[in-house]
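Welcome! Take a look at the structure below, and then let's walk through some questions about it together.

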Amino acid sequence: MWLYLAVLVGLYYLLRWYRERQVVSHLQDKFVFITGCDSGFGNLLARQLDLRGLRVLATCLTEQGAEQLKGQTSDRLETVILDVTKTESIAAATEWVKERVRDRGLWGLVNNAGICTPMAPNEWLTKQDFVKMLDVNLLGMIEVTLSLLPLVRKARGRVVNVSSVMGRVSLFGGGYCMSKYGVEAFSDSLRRELSYFGVKVAMIEPGYFMTNMTSPEVFNGSLQASWDQASTEIKELYGEKFMADFMKTSNLLKPSWSGNLSLMTNCMEHALTSCHPRTRYSAGWDAKFFYLPVSYMPTFLVDLMMYWGAPRPAKAL
């Protein structure tokens, strides 16, 4: 019996391997629009797809980021300034894309732009801290998607949304996990709706990677700002030691492969170029072998892990 089961499992993975190796034809004629290309995943993906011969339409938040990217790529790649939190900026970028793709439509939309701070205990934060995070990571992503969907539908293309392992298990306070849970929900409903039109939707769920957003300096600076704005009562409840221990979290989470951003961009590239992309991609070994299994564990076990592993407030019971 076990032999038959092993053979079936082996055949399943062999078939999946074969299907996933089939590549979409005429990549050089296809346009891909990527948000958040100043640095990090978006920047590397734009350069990676440019080398594959795709027509990359890269958005940056700053002119400096756009100029640096154009200096590292071929003449095929074009850039535009985009702030995903501003409707007028999204509308202008949409018109810019229409002028370039014309009747061919947009093959790929990669919603990569995002922020990860402030990330702190919920009581340390204000409503505006949550609004800031949701505006970029969720609402901005939704507005960009809705604006460009007609072009993606015309090409029967792909939508690739960058989520996170924190969209499966909420280990931190603040708006980051909330926004990524929202990305998961939006992507799931969008995938089912667009399947009738031949459009595929994929989610990328990375673990911890070292980028400009996740550097200890950025994380600790944001945490310090959240602590500074907290009330006297909150500071007495948590204590200075809690904040110091919490600051060490980013270093504890940092795996040895966190600087290898290609583990992430290879998943994004596969979602855009494979004839049979996956619905979800877990990027990074911590995502595959820690966060993903944890997301399926009983709640009380996850709570127990957090209870014993996380720093404790000074006046905890």
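Q: What share of the 317 residues in the protein is buried?
A: This is a predicted model, so the figure is computed from predicted atoms. A residue counts as buried when its relative accessible area is under 20%. Of the 317 residues in the protein, the buried share is 49%.

Q: How many helices and how many strands are there in the protein?
A: The C-alpha trace, along its principal axes, spans about 65 × 60 × 35 Å. Within the protein, the count is twelve helices and seven strands.

Q: Is helix α6 mostly covered or mostly uncovered?
A: Helix α6 runs over residues 175-194 and reaches 28 Å from its first C-alpha to its last, close to the 28 Å expected. Of its 20 residues, 14 are buried, so α6 is mostly covered.

Q: Is Arg-102 buried or exposed?
A: Arg-102 lies in the loop between α4 (87-101) and β4, and its phi is near 50°, a positive value in a residue other than glycine. The cut-off for exposed is over 50% relative accessible area. Because Arg-102 has 60% relative accessibility, it counts as exposed.

Q: Where is Arg-156 found?
A: Arg-156 has a phi near 50°, a positive value in a residue other than glycine. Its relative accessible area is 55%, so Arg-156 is exposed. Arg-156 is found in the loop between α5 and β5 (158-162).

How values were computed. Residues numbered from 1 in each chain as written. Predicted model: local features only at pLDDT ≥ 70, side-chain atom pairs only at ≥ 80, totals over all residues. Heavy atoms only, no water. Helix = DSSP H or I, 4+ residues; strand = E, 2+ residues; numbered from the N terminus. Buried < 20%, exposed > 50% of the residue type's maximum accessible area, 1.4 Å probe, protein only. Expected span 1.5 Å × (residues − 1).
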